[in-house]
Amino acid sequence: MKKKFVFKIIIDCIMGALFISMYFLTQTGILFHEVFGLLLGILVLIHLGLNQEWFKMIFKKGKKKTARTKRAIGINFFLIVAITLIIISGLMISIVLLPGLNVSHRYIFVAIHKLTAYGAVAFLLVHFLLHLKYMKGMIKKIAQHRRTKAVRQVFVSTGALVVVVIMLYAAGTPILENVTLQQEAQTTQEQKSIGIAKANQSTEQTIQEETVTSAEGDSGQTVENSTAPIVSLNDYLSGLYCTGCSKHCPLIAPACAKGEAQAQVATQDYENIYGDSAQ
Ligand code: HEM
Ligand code: HEM
């Protein structure tokens with residue numbers, strides 16, 4: 001049995017498991033999601049590389065394509081576009097791996113990320129079902145040849161690689177979490193300073209406007225006071241993340257009691273900074 005086929009099936013199974021885990025963010029935590037989401041992107045590239053014969057076949061000139069091939073082309077190309085968008089948008093909204101990126105209009109990238117991720121589910125399912133028979137046959141064949149040198153070698157080397165990845169992840173987790181917490185503390189501090197500066201500016205503006213109003217009041221004209229806060233509560237909370245556990249949920253959408261308590265404290269902070277001007 002060829003090593004390549006054993007390797008292909010192992011990659012397929014790991015990809016399948018990782019894809020499923022991506023839809024359980026609340027359970028896995030954001031660190032796992034980002035690190036293994038990126039790894040999944042790399043595995044898809046390897047998967048495509050291992051199936052390059054298929055690409056050669058579909059791009060071969062003069063070859064008539066059956067309805068089955070056309071359907072596979074549609075599904076596979078949608079999946080390639082979807083995974084590209086998922087990974088790019090994932091990096092743009094990253095909380096742990098690229099916390100300094102701080103893209104403006106983050107919510108647009110979050111929407112792209114979620115839409116493409118949920119949209120890909122149906123296509124992935126069809127892709128998987130179309131290859132189910134092939135996978136079953138291969139797994140059966142591998143089981144029959146499990147004692148051969150080739151099969152053992154592939155299992156031992158991929159098993160060792162999986163162990164190394166898990167160990168690296170375990171070793172890197174505290175470092176990445178520490179960086180994220182420092183970044184959060186800095187963001188909170190910056191937001192507070194900006195908030196205080198803006199609150200002072202807002203107070204000065206109000207005083208100036210009140211002076212103008214009273215001066216103009218004599219001549220019978222009215223001038224509206226503008227005391228709307230420049231940073232809304234939603235804007236303020238969307239830049240903060242819960243530190244209760246490694247999931248680091250955004251404080252705008254806390255997922256547990258700890259997160260809710262931190263969101264309440266942050267709301268109190270916001271009110272202290274913006275005072276009466278808060279809406
Ligand atoms: C975005 C993700 C994916 C893309 C772009 C993709 C693309 C492709 C392409 C182009 C082929 C060769 C043509 C064909 O036979 O249809 C293929 C084959 C295959 N795919 Fe995928 N695939 C993806 C995810 C998956 C996942 C998650 C699984 C497993 C659960 C999987 C299982 C298979 C299998 C079993 C084959 C047959 C050859 C092999 O074992 O590699 N694919 N895929
Ligand atoms: C194939 C890979 C991926 C899939 C299928 C995927 C899928 C998803 C899904 C379904 C959600 C919504 C979860 C929920 O609301 O419960 C989500 C959220 C998220 N993903 Fe991914 N993701 C992938 C890769 C990545 C990568 C590589 C990154 C970053 C490097 C990333 C960063 C995020 C972030 C930060 C959120 C939270 C967004 C928010 O609500 O603020 N994802 N992802």
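1. Let's start with how H5 and H6 lie against each other. Their axes come within 9 Å and cross at roughly 150 degrees, and H5 and H6 are therefore roughly antiparallel to each other. Here an axis is a line fitted to C-alpha atoms, for helices over the stretch in contact, and angles run from 0 to 180 degrees between N-to-C directions. Angles under 35 degrees count as roughly parallel, over 145 as roughly antiparallel, 65 to 115 as roughly perpendicular and the rest as oblique. The crossing of H5 and H6 is left-handed, a term used if the near helix is turned anticlockwise from the far one by less than a right angle (right-handed if clockwise).

2. A word on the model and its labels. This is a predicted model, in which local features need pLDDT of at least 70 and side-chain atom pairs count only at pLDDT 80 or more, while totals for chains, interfaces and linings use all residues. Residues are numbered from 1 along each chain as its sequence is written, and chains are lettered from A and ligands numbered from 1 in the order in which they are written.

3. Helices (H or I, at least four residues) and strands (E, at least two) are DSSP runs, numbered from the N terminus. Of the 279 residues, 15% count as buried; that takes 20 or more other C-beta atoms within 10 Å of a residue's own, whereas 12 or fewer makes it exposed and anything in between partly exposed, with C-beta atoms placed from the backbone.

4. Now find H1 and H3, which pack at an angle of about 145 degrees with their axes 10 Å apart. This crossing, too, is left-handed. Among the residues making the contact are Ile 11 and Leu 18 of H1 and Phe 36 and Leu 40 of H3. Two residues are in contact if their C-beta atoms, placed from the backbone, lie within 7 Å. The contact of H1 with H3 divides into 12 nonpolar, 4 polar and 2 charged residues. For these classes, Ala, Val, Leu, Ile, Met, Phe, Trp, Tyr, Cys and Pro count as nonpolar, Asp, Glu, Lys and Arg as charged, and the others, Gly among them, as polar.

5. Next, ligand 1. It is surrounded by 23 residues, the closest being Gly 16, Asn 51, Trp 54, Leu 79 and His 131; a residue is near a molecule or strand if its C-beta atom, placed from the backbone, lies within 6 Å of it. Helices H1 (3-22), H3 (30-50), H5 (67-92) and H6 (106-144) each give two or more residues to this shell. By class, the shell around ligand 1 has 15 nonpolar, 6 polar and 2 charged residues.

6. Ligand 2 has 24 residues around it, and the closest are Met 22, Glu 34, Gly 37, Gly 90 and Ala 117. Helix H2 (25-28), H3, H5 and H6 each give two or more residues here, and the largest share, 6 residues, comes from H3. The shell around ligand 2 holds 16 nonpolar, 6 polar and 2 charged residues.

7. His 105 sits in the loop between H5 and H6, and its phi is near 55 degrees, a positive value in a residue other than glycine. Is His 105 buried or exposed? His 105 counts as exposed because it has 9 C-beta neighbours inside 10 Å. Arg 68, found in helix H5, is exposed as well, with 9 other C-beta atoms within 10 Å. The C-alpha atoms of Arg 68 and Leu 130 are separated by 10.0 Å, although these residues are 62 residues apart along the chain.
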